[in-house]
Amino acid sequence: MSRLNRRSVITLGIPTLDDVDFVAANLRESDRRDLEGLHPEMSIREIIMNDVEYSMLVYGLYRDSRVQAVFGVIPIVSGVGSPWVVGSAEVEKDPLPFARASKKLLNMLQRTFPLLDTWVCARNKKSLIWHKWCGFEFEQQTVRMGRDDYFRARRRARTCMMEVN
């Protein structure tokens, strides 16, 4: 595992099946509502494992060697990926380190996927705040998926342009 930076209390690693099982069993209530609303016929673990299976990149965020969240990106087309994250209830106890680590992880993921394109449940206030804080831009209209309405959210990689005389 590696720290996202020297001051970070969050480390990044490759999640094991036990890590996925832990997050699924201890999922934040807001994440549980979202997943059940989209896939009422599937178990939480099945939904997460489907995302893991289709993802090109999957990471675990750890604090004190305990998994806090599982995070991945499903490729859509070249340079475009759909990110997803599910967090354990532990994230709710101290969300700021998770949020800070998320920004760094998104920046890293955007080396492979300059455009991150996802859908955010309009009822999930925590997810809306997190996505906005991480730099996602939202479309104004919602789309019905499952039982809830969702906003489309995109995050474009920041490019640094240098002028040479």
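The model is a predicted one, so local features need pLDDT of at least 70 and side-chain atom pairs count only at pLDDT 80 or more, while totals for chains, interfaces and linings use all residues. Residues are numbered from 1 along each chain as its sequence is written, and side-chain values use heavy atoms, with hydrogens and water left out.

To start with the big picture, the protein has six helices and eight strands; here helices (H or I, at least four residues) and strands (E, at least two) are DSSP runs, numbered from the N terminus. Read from the N terminus on, the elements go β-β-α-α-α-β-β-β-α-α-β-α-β-β. The radius of gyration is 16 Å, close to the 15 Å that the globule rule gives for 165 residues, so the protein is as compact as a globular protein of that length. That radius is taken over C-alpha atoms, and the rule is 2.2 Å times the number of residues to the power 0.38. Along its principal axes, the C-alpha trace spans about 60 × 40 × 30 Å.

As for what is tucked away, buried residues make up 45% of the 165 residues (buried means under 20% relative accessible area, exposed over 50%, partly exposed in between, with a 1.4 Å probe and protein chains only).

Turning to the strands, β8 (residues 148-156) has two partners described here. Strands count as paired if DSSP finds at least two bridges between them. Seven bridges tie β8 to β6 (residues 115-121), and the two run antiparallel; in this pair, Cys-121 has Tyr-150 of β8 as its bridge partner. Strand β7 (residues 137-145) also pairs with β8 in the antiparallel sense, over six bridges, and Glu-137 is bridged to Arg-154 of β8. The hairpin of β7 and β8 has two residues between the strands, and Gly-146 there takes a positive phi near 65°.

Finally, there is Ser-30, which sits in helix α2 (residues 29-38). What does Ser-30 touch, leaving aside its neighbours within four places in sequence? Its contacts are Glu-92, Asn-124 and Lys-126.

Definitions and conventions
Contact means heavy atoms within 4.5 Å.
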